[in-house]
Amino acid sequence: MSEAADHPTPAPGAPCWVSLPVRGLAAAQEFYGGLFGWEFESGPGGLGPYVRAYVKGEPVAGMSERQAGTEQLRVTWLPFWASGDAGATAAEVRDHGGTVAVGPVEWEAEGRVVIASDTAGAAFGVWEGTRRFGWRVAEVGVTGIPVWYELIVREAWSAEAFYREVFGHDALAEESAPDYLTLRLEGQPIADVLGVGDRLPRDRGPHWKTYFAVEDPDAAVSTAVRLGGRTVRPPHESPYGRTATLADPEGAHFSVISRRLL
């Protein structure tokens with residue numbers, strides 16, 4: 001596997017990585033490799049068995065075997081927010097009502113990692129490191145690249161307060177839904193927060209959902225089902241492109257979309 005090019009260190013509070021804790025690492029690689037064409041490489045250490053997924057030689061995502069202390073976290077793709085000091089950010093998480101499940105943990109030469117959850121219970125990661133991985137600057141529309149995050153909660157504005165205090169995000173209300181906002185960092189949109197009230201699934205609870213770029217969402221749904229996944233929401237048109245929501249064989253939800261959201 002070729003080494004990824006170095007990129008400027010992400011600003012604190014910026015999205016910088018996405019990772020999935022799984023029960024079966026080999027089976028997860030088979031599913032996502034078949035769906036997105038990912039290639040895999042083991043490492044780094046510090047988080048237990050871990051692999052990076054690559055697209056065109058650039059690392060785009062990670063997967064790890066679930067570790068002690070993370071059993072209570074829902075099976076879901078975790079967005080990682082950049083930090084200049086993972087320990088200080090972990091303290092901020094606690095001070096503002098969140099929970100730290102793991103870390104800070106040394107991630108070999110890459111930096112330090114924290115796994116936490118916000119006041120609503122949605123899990124996420126914190127990454128302190130010296131370089132930015134390549135997926136943020138990769139070619140638009142390349143299959144398998146994470147392009148957007150969406151937080152699903154009961155009340156959007158209650159969740160926004162946590163991310164504003166901990167990561168310095170601000171928010172802009174969207175007119176397309178009554179409890180829907182966009183998180184921004186230094187004026188740039190980085191994620192959505194959708195309040196769904198009593199429609200929040202009991203089996204999922206508050207959670208972050210990751211969108212991955214694909215060329216054809218309909219074909220991606222068919223492939224995912226063939227590989228053992230299932231359809232959560234069939235392909236449909238959105239203001240940002242054709243999209244669908246899927247669950248992998250372990251039940252982790254994610255979405256595919258035919259164009260970049262940002």
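This is a predicted model: local features need pLDDT of at least 70, side-chain atom pairs count only at pLDDT 80 or more; totals for chains, interfaces and linings use all residues.
Me: Why is strand β1 called enclosed?
Reply: Buried means under 20% relative accessible area, exposed means over 50%, and partly exposed lies in between (1.4 Å probe, protein chains only). Eight of the eight residues of β1 (residues 15-22) are buried, so the strand is largely enclosed by the rest of the structure. Across the 262 residues of the protein chain, 54% count as buried.

Me: How do you know which strands β1 pairs with?
Reply: Two strands pair if DSSP finds at least two bridges between them. Four bridges join β1 to β5, running antiparallel. Four bridges also join β1 to β4, and these run parallel. P15 has W81 as its bridge partner in β5, while P21 stands opposite S64 in β4.

Me: What makes β2 and β6 edge strands?
Reply: The order of this open sheet of eight strands is β2-β3-β4-β1-β5-β8-β7-β6, with mixed pairing. β2 (39-42) and β6 (99-106) each have a single partner strand, so one side of each is left without a neighbour in the sheet. Neighbouring strands are turned by 30° against each other on average, direction ignored. For such angles, axes are lines fitted to C-alpha atoms, for helices over the stretch in contact, and values run from 0 to 180 degrees between N-to-C directions.

Me: Why is A90 called buried, and which residues does A90 contact?
Reply: A90 has a relative accessible area of 2%, which is under the 20% limit, so A90 is buried. A90 is found in helix α2 (residues 86-95). Contact means heavy atoms within 4.5 Å. Leaving aside neighbours within four places in sequence, A90 is in contact with V100 and V114. A90 and V100 are 10 residues apart in sequence and 6.5 Å apart in space, C-alpha to C-alpha.

Me: What stands out at K56 and E186?
Reply: Most residues other than glycine have a negative phi, and most peptide bonds are trans. K56 has a positive phi of about 55°, and E186 also has a positive phi of about 55°. K56 sits in the loop between β3 (50-55) and β4 (58-65). E186 sits in the loop between β11 and β12. At 65% relative accessibility K56 counts as exposed, and at 71% so does E186.

Me: What is the strand order of the sheet that holds β14?
Reply: The order is β10-β11-β12-β9-β13-β16-β15-β14, an open sheet of eight strands with mixed pairing. β10 (170-173) and β14 are the edge strands, each pairing on one side only. The twist averages 25° from one strand to the next.

Me: Which strands does helix α3 lie across?
Reply: α3 (residues 156-167) lies across β5 (78-82), β7 and β8 (123-129), running at about 10° to β8. α3 also lies across β9, β10, β11, β12 and β13, at about 5° to β11.

Me: What makes the largest pocket a pocket, and what lines it?
Reply: On a 1 Å grid over the protein atoms alone, a pocket is an open set of points with protein on both sides within 12 Å along at least five of seven lines, and lining residues have an atom within 4 Å of a point. About 850 Å³ of space lies in the largest pocket. Of the 31 residues that line the largest pocket, the closest to its centre are E150, L194, K209, Y211 and R233. β14 gives the most to the lining, with five residues.

Conventions:
Residues are numbered from 1 along each chain as its sequence is written. Side-chain values use heavy atoms; hydrogens and water are left out. On a 1 Å grid over the protein atoms alone, a cavity is a set of points where a 1.4 Å probe fits but cannot get out, and a pocket is an open set with protein on both sides within 12 Å along at least five of seven lines; lining residues have an atom within 4 Å of a point. Grid points are joined across faces, edges and corners, and a volume is the space filled by probe spheres set on the points. Helices (H or I, at least four residues) and strands (E, at least two) are DSSP runs, numbered from the N terminus.
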